[in-house]
Structure formats: structure tokens, C-alpha cells
Amino acid sequence: MKPRGGGLALVDEGHVLKCIIGSMFSDCTLYLPDSTTLKTALQVKNLCERANPDGLAPRRIGCLFYRPSPMLTDKIQRYIIKLEAVRW
């Protein structure tokens, strides 16, 4: 089985993003807190709405990095390693 490239989740509070499972966001820019900027494409893999205690139901959009470059994967892995080091 081919390993997955990872992904991220978006929170669409106002339900403004028009997408279905399989939709593509082709020209995304990720701004990481350490000043790293990454360009990638995202593919929607799941959609979920769950009401909060305040009664609002933001939509969670689970996305997969679509054909991530080795550089993108490396930079994300390095960022996660930094986060984990601070946490412990």
C-alpha cells in the first residue's frame, strides 16, 4: 500500500467554501507560525458538521496534500518536530 502524504483540516464557520468530497483547492498557500510559507494543492477527503455548545455548527473539511513535493513534506515534518520538541 502506498503511504499517504498527510493533510490538514479546515474549519469553515460560515459555510462559505463550496466543496464536496474529491474537490480540489489547487493553489493554496500555507503560512506556518515560524514564517515558513508553503504552496500546495489540497483534495477534500471528508466533510463533517458538529454543533458546538454555543449552537453553531461549523463545517470541518478534511484535506489531503495532493501530490506533495519532497520539499513540502520535509518542511512540514520539520515544523511538526519543532512543535513536538516544545511540547515535551
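The chain of this predicted model has a mean pLDDT of 88, and 94% of its residues reach 70 or more. Helix α1, residues 70–87, has the lowest mean pLDDT of the elements, at 89. Strand β4, residues 59–65, has the highest, at 95.

The largest nonpolar core comprises 14 residues. Within this core, Phe25, Leu38, Leu42, Val44 and Phe65 touch the most other members. Strands β2, β3 (37–49) and β4 each give two or more residues to the core, as does helix α1. In soluble globular proteins, nonpolar side chains tend to be buried together.

Helix α1 was examined next. The helix has 18 residues. From its first C-alpha to its last, α1 reaches 26 Å, close to the 26 Å expected at 1.5 Å a residue. Leu72, Ile76 and Tyr79 are buried in α1. These three residues lie on the same side of the helix because they cover an arc of only 60 degrees around the axis. The cover over the buried residues of α1 includes β3 and β4. The face turned away from the buried side carries exposed residues, namely Pro70, Met71, Arg78, Ile81 and Ala85.

Serine 23 sits in the loop between β1 (7–12) and β2 (24–31). Serine 23 counts as buried because its relative accessibility is 18%, under the 20% cut-off. The serine 23 side chain reaches the backbone nitrogen of isoleucine 20 at 2.8 Å. Residues up to four places away in sequence aside, serine 23 touches Leu42, Gln43 and Val44. Of these, Leu42 and Val44 belong to the largest nonpolar core.

Threonine 36 is placed in the loop between β2 and β3. The side chains of threonine 36 and aspartate 34 make a polar contact at 2.8 Å. Apart from neighbours within four places in sequence, threonine 36 is in contact with Leu30, Tyr31 and Lys75.

Note on methods: Residues numbered from 1 in each chain as written. Predicted model: local features only at pLDDT ≥ 70, side-chain atom pairs only at ≥ 80, totals over all residues. Heavy atoms only, no water. pLDDT = per-residue confidence, 0-100. Helix = DSSP H or I, 4+ residues; strand = E, 2+ residues; numbered from the N terminus. Buried < 20%, exposed > 50% of the residue type's maximum accessible area, 1.4 Å probe, protein only. Polar contact = N/O pair within 3.5 Å; in protein donor to acceptor, adjacent residues only side chain to side chain. Contact = heavy atoms within 4.5 Å. Core = buried A, V, L, I, M, F, W, Y, C linked by side-chain atoms within 4.5 Å. Expected span 1.5 Å × (residues − 1). Arc of directions from axis to C-beta.
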